[in-house]
Amino acid sequence: MFLNASGELGGAERSLLDILASIRHAEPSWTLHLVAAADGPLVAQASALGVGTSVLPFSAAFSTVGEAGGRLTRAGLLGLAVRLVGAAVPVAVYTSRLRAAIRAFAPHIVHTNSLKMHVFGAWAVPAGMPLVWHLHDYIGGRPFTERLLRWNAKRPAAIVANSESVADDARSTLGARGPVIPILNAVDLQRFSCAGPRLDLDALAGLSPAGDLVRVGLLATFGRWKGHTTFLDAIARLPPDLRVRAYIIGGPLYQTADSQYTLDYLRGYADALGLTGRVGFTGFVTNSEQALRALDIVVHASTAPEPFGLVIAEAMACERAVIASDAGGAREIFTRGVDALAHTPGSAGSLATRIAELAGNPDARLRMGRAGRQTAERRFDRRRLASDFVPLYQRVVSEA
Ligand code: GLC
């Protein structure tokens, strides 16, 4: 049984779908069930994979509480504390409803995929039933989350992290309470490949069709740390003779208050830089592989260390030239100068230099794209996920 807070398709949810697909394929006799705290495309796509699904909605009292917006001020911490106290009763009610849902399905194992669900899982999963936490985020630097997870870190039989970097963070923030196992994400190499339809990004963004130019795009949720403004600043610094058009692909996805940019803000930011008409905003796209294929250069611009950075692996699998932020788990995906270029996180100057380098060199883009595909085939084939998770599940079940 899998527990996930969001019903939308952020990276952690995409990763979960890949795990579900891989296990369905490797172990067709297993019965899989997903409980999500909100309805949405995650639930529909899990169901299409043959996974049973149910939606157990979070109370509004805690669905918008979060620490994703970076470091909190003292007043922010106080506000969060007040909201958490106000959420105590709804939290208790949710825990008991979740426990009833788990008992009804009676799984051999419960796998939680998001921070809130790690905590609810620790409280709701009946004693003796193994629980696996799958961490997709850094815990360090989020005081409440860190404390909540540390208090409950004895409960999971295993803790999985989406990169070595997130595993290191978990080891140091949670203390030595059992091993943290890094399992890098993987992608569907058939879907994410260079062959297939491409989205008309200009039409989606309402821009006039343009012929011969280099398309550079950032594909991400609107989390503030995804580096949208760094990307726009970098585009504004490009030499005027470079025929480049930029795209911001994606939208605000999560419910956590104040952690995301709005489309209006980013449009205004681009206009203020004089980029009107040179940057297209497509909104959220479902078929991200078709958006990636339509780009010549895929930029990953996170200003904080990226826990993993699924889009980097997806873009490599699509044979795109990639420029990624040189920090965190993202660094474990690529080899600098071979299958991607790296820039200093948050530095528009460093990013602009890299974009200019690749925009003016189609051969380098081609070489890099090919090397990226090879890396993806070697390391990020999602069939690997079943061979990573199945023995882990079997071990914790037999230990229980
Ligand atoms: C989260 C992380 C991202 C990672 C994804 C899948 O969204 O922020 O870095 O790629 O989970 O693990």
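Predicted model: local features only at pLDDT ≥ 70, side-chain atom pairs only at ≥ 80, totals over all residues.
1. A polar atom in the side chain of E306 is placed 2.4 Å from an oxygen atom of the ligand, while for F308 it is a backbone N or O atom that lies 2.9 Å from an oxygen atom of the ligand. G309 likewise has a backbone N or O atom 2.9 Å from an oxygen atom of the ligand. Taken alone, the ligand would expose 310 Å², and the protein buries 93% of that area.

2. The second largest pocket deserves a separate look. In general terms, empty space is found by rolling a probe the size of a water molecule over the atoms. The second largest pocket contains about 280 Å³ of space, and it is lined by 14 residues, of which W30, T31, L32, H108 and I109 are the closest to its centre. The lining is made up of 11 nonpolar residues and three polar ones, with no charged residue. Helix 16 (residues 383-399) gives the most to this lining, with three residues.

3. Which kind of pair do the rings of F120 and W123 form? The structure holds nine aromatic pairs, and in the pair of F120 and W123 the ring centres are 6.1 Å apart and the planes meet at 85°, so this pair is edge-to-face, given that planes over 60 degrees apart count as such. Both F120 and W123 belong to helix 6 (residues 115-124), where they are three residues apart, which is about one turn of the helix.

4. A106, however, has a phi near 50°, which is a positive value in a residue other than glycine, and A106 is found in the loop between helix 5 (88-105) and strand 4 (110-112). For E319, phi is near 60°, again a positive value in a residue other than glycine; E319 sits in the loop that runs between helix 13 (310-317) and strand 12 (321-325).

Definitions and conventions:
Residues numbered from 1 in each chain as written. Heavy atoms only, no water. Polar contact = N/O pair within 3.5 Å; in protein donor to acceptor, adjacent residues only side chain to side chain. Areas by Shrake-Rupley, 256 points an atom, 1.4 Å probe, with all protein chains shown as cover. 1 Å grid on protein atoms, 1.4 Å probe; cavity = no way out; pocket = protein on both sides within 12 Å on 5 of 7 lines; lining within 4 Å. Points joined across faces, edges and corners; volume = space filled by probe spheres on them. Helix = DSSP H or I, 4+ residues; strand = E, 2+ residues; numbered from the N terminus. Nonpolar A, V, L, I, M, F, W, Y, C, P; charged D, E, K, R; others polar. Phe/Tyr/Trp six-rings, centres within 6.5 Å; stacked < 30°, edge-to-face > 60°.
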